[in-house]
Amino acid sequence: MTARARSDDRVARTRSGLELRVGRLGEHALPEVAAIERGAYPTPWSLAMFTTELSKPAALHLGAWDSDRLVGYAICSPYDGVWHLLNLAVDANRRRSGIGAALLVELLRRLEENALLASKPPPAVTLEVRRTNGAAQALYRRAGFLEAGIRPRYYPDTGEDALILWRTPATLRGRLDDVPGVSA
Ligand SMILES: CC(C)(COP(=O)(O)OP(=O)(O)OC[C@H]1O[C@@H](n2cnc3c(N)ncnc32)[C@H](O)[C@@H]1OP(=O)(O)O)[C@@H](O)C(=O)NCCC(=O)NCCS
């Protein structure tokens with residue numbers, strides 16, 4: 001499937017020197033998204049879940065393409081003034097080459113730019129991650145996320161706990177004081 005370039009696409013160079021095109025994810029990419037998703041999670045999202053998320057006009061969904069091949073994506077939606085990173089996955093054959101980090105950096109950059117343009121405070125971003133998912137936790141911690149709580153047995157497929165991570169102005173200083181519901 002040929003990816004369509006858009007005017008707000010950016011070129012991102014990963015730490016390994018790979019040049020990616022990072023831009024908005026459209027419905028045309030869903031077959032490739034579904035293939036990556038199947039290799040990423042024990043319980044993958046259905047196509048209907050992706051279609052629902054992609055139809056939300058206020059949301060931000062990014063794909064990363066290497067020479068027109070989708071290699072990763074990020075799905076992020078706002079609820080009650082907080083951005084929720086709902087899904088971030090990289091092609092299982094292309095991991096550990098900086099693609100996940102490039103997607104996350106571009107996502108955070110766009111959220112920050114949009115907040116600035118709207119004269120709003122820097123965005124708060126939250127997500128849930130499996131307790132055993134050390135790779136994702138390391139990626140998020142490097143990007144300024146901190147653990148602020150646990151949802152016990154959150155994942156029905158394995159009964160695993162979720163760690164609740166936040167990225168706010170305070171977490172970037174190693175603190176949790178502006179995280180909703182947390183007094184640190
Ligand atoms: C988590 C995921 C998106 C990371 O993508 P990636 O492209 O491999 O990550 P990057 O190469 O950009 O790695 C960035 C940093 O994250 C950390 N990291 C990534 N994979 C790691 C691993 N397997 N073990 C330890 N740290 C890891 C490292 O700090 C890494 O930096 P380094 O390579 O300089 O040490 C990918 O592993 C994935 O798709 N996993 C399945 C889906 C998933 O779990 N998504 C998260 C849901 S919350």
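Hi everyone. Before we start, please remember that this is a predicted model, where local features need pLDDT of at least 70, side-chain atom pairs count only at pLDDT 80 or more, and totals for chains, interfaces and linings use all residues. Residues are numbered from 1 along each chain as its sequence is written.

Let's begin with the overall layout. The protein is divided into domain 1 (1-122) and domain 2 (124-176), with bounds that come from an automatic or database domain assignment. Taken over C-alpha atoms, the centres of domain 1 and domain 2 are separated by 18 Å.

How many residues of domain 1 are in contact with domain 2? There are 12 residues of domain 1 in contact with 9 residues of domain 2; contact here means that the C-beta atoms of two residues, placed from the backbone, lie within 7 Å. On the side of domain 1 that touches domain 2, the elements giving two or more residues are β5 and α3. Of these, α3 gives the most, with 5 residues. A quick word on those labels: helices (H or I, at least four residues) and strands (E, at least two) are DSSP runs, numbered from the N terminus. That side of domain 1 divides into 9 nonpolar, 3 polar and no charged residues. For this count, Ala, Val, Leu, Ile, Met, Phe, Trp, Tyr, Cys and Pro are nonpolar, Asp, Glu, Lys and Arg are charged, and the others, Gly among them, are polar.

Now to the inside. A nonpolar core is a set of buried Ala, Val, Leu, Ile, Met, Phe, Trp, Tyr and Cys residues joined through C-beta atoms within 7 Å. Buried means that 20 or more other C-beta atoms lie within 10 Å of the residue's own, exposed means 12 or fewer, and partly exposed is in between, with C-beta atoms placed from the backbone. The largest nonpolar core has 40 residues, and A64, Y73, A74, L103, L107 and L165 touch the most other members. Several elements each supply at least two residues of this core, among them β4 (69-79), α3 (99-117) and β8 (160-167). Which element gives the most to this core? The answer is α3, with 7 residues. The core also draws at least three residues from each of domain 1 and domain 2.

Take a look at L165 on your screen. Leaving out residues up to four places away in sequence, L165 touches T126, L127, V129, Y140, F145, L146, E147 and A148.

Next, the strands, which count as paired if DSSP finds at least two bridges between them. β4 and β5 pair in the antiparallel sense over 8 bridges, and Y73 stands opposite A89 in β5. These two strands form a hairpin with 2 residues between them, and D80 in the turn has a positive phi of about 50 degrees. β5 also pairs with β6, in the parallel sense, over 2 bridges. There, H84 has T126 in β6 as its bridge partner.

On to the ligand. It is surrounded by 22 residues, and the closest are R95, G100, A101, A135 and L139; a residue counts as near if its C-beta atom, placed from the backbone, lies within 6 Å of the molecule. β5, α3, β6 and α4 (134-142) each supply at least two residues of this shell, and α4 gives the most, with 6 residues. The shell divides into 13 nonpolar, 5 polar and 4 charged residues. Both domains take part, since at least three shell residues come from each of domain 1 and domain 2.

Let me finish with some single residues. F50 is in helix α2 (residues 47-54). Why does F50 count as buried? Because it has 22 C-beta neighbours inside 10 Å. Beyond its sequence neighbours up to four places away, F50 touches L30, V33 and W45.

Now for two loop residues. Most residues other than glycine have a negative phi. D68, though not a glycine, has a positive phi of about 70 degrees, and D68 lies in the loop between β3 and β4. D68 is exposed because 11 other C-beta atoms lie within 10 Å. R96 has a positive phi too, near 65 degrees, and R96 lies in the loop between β5 and α3. With 9 C-beta neighbours inside 10 Å, R96 counts as exposed.
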